[in-house]
Amino acid sequence: MICLGTLATGLDRQLWPWFVAALLVAAALALAWRLLPTERARRRKLLLHQELAAANQLTDTEAAWLWEISSSAKIDQPALVFVQPRVFDDQVATVGTQPALAKVVRGKLFGTDTR
């Protein structure tokens, strides 16, 4: 195994800072490459959420609250809260916040508030 200290003695002292900088840049690029698909998937889910919120005439506050509810539950398809009342009710029950807002949003999405 090569130790960085041993490697440093073999390199010209003027090149050592450039070598360390290149290693840091390579590590940052590797990390970005690894995280990029996750970020793209999150953005696609957010864009779909925004489209569905607009189609259901949710206000910005209602849409943000619903995004918080659906994304905090870590379900595979957060958009299901728009089309399946049971998923919506489960997520609201899990978080358990703002019952008045939940009632308004449920009425806009499903046309009723009966559970």
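Is Phe88 buried or exposed? At 1% relative accessibility, Phe88 counts as buried. The legends below describe close-up views of a predicted model.

**Figure 1. An aromatic pair between Trp65 and Phe88.** The structure contains 2 aromatic pairs. In the pair of Trp65 and Phe88, the ring centres are 6.4 Å apart and the planes meet at 65°, so the arrangement is edge-to-face; the cut-off for that class is an angle over 60 degrees. Trp65 belongs to helix 3 (residues 60–72) and Phe88 to helix 4 (residues 85–95), so the pair ties together parts that are 23 residues apart in sequence. Trp65 has a relative accessible area of 6% and is buried.

**Figure 2. An aromatic pair between Phe88 and Phe110.** A pair of aromatic rings is described by two quantities, the distance of the centres and the angle of the planes. For Phe88 and Phe110, the centre-to-centre distance is 5.8 Å and the angle between the planes is 70°, an edge-to-face pair. Phe88 is in helix 4, whereas Phe110 is in helix 5 (residues 99–110); the pair thus links distant parts of the chain, 22 residues apart.

**Figure 3. The aromatic cluster of Trp65, Phe88 and Phe110.** These residues, Trp65, Phe88 and Phe110, form one aromatic cluster. Phe88 takes part in the pair with Trp65 and also in the pair with Phe110. Trp65 lies in helix 3 and Phe88 in helix 4, while Phe110 lies in helix 5.

**Figure 4. A salt bridge between Glu62 and Lys108.** A search of the whole structure finds 2 salt bridges. In the salt bridge shown here, the side chains of Glu62 and Lys108 meet at 2.7 Å, N to O. Glu62 is in helix 3 and Lys108 is in helix 5, and the pair links distant parts of the chain, 46 residues apart. Glu62 counts as buried because its relative accessibility is 7%, and buried means under 20%. Lys108, at 34% relative accessibility, counts as partly exposed.

**Figure 5. A salt bridge between Arg106 and Asp89.** The closest N and O atoms of Arg106 and Asp89 are 2.8 Å apart.

Methods
Residues numbered from 1 in each chain as written. Predicted model: local features only at pLDDT ≥ 70, side-chain atom pairs only at ≥ 80, totals over all residues. Heavy atoms only, no water. Phe/Tyr/Trp six-rings, centres within 6.5 Å; stacked < 30°, edge-to-face > 60°. Helix = DSSP H or I, 4+ residues; strand = E, 2+ residues; numbered from the N terminus. Buried < 20%, exposed > 50% of the residue type's maximum accessible area, 1.4 Å probe, protein only. Salt bridge = Lys/Arg side-chain N within 4 Å of Asp/Glu carboxyl O.
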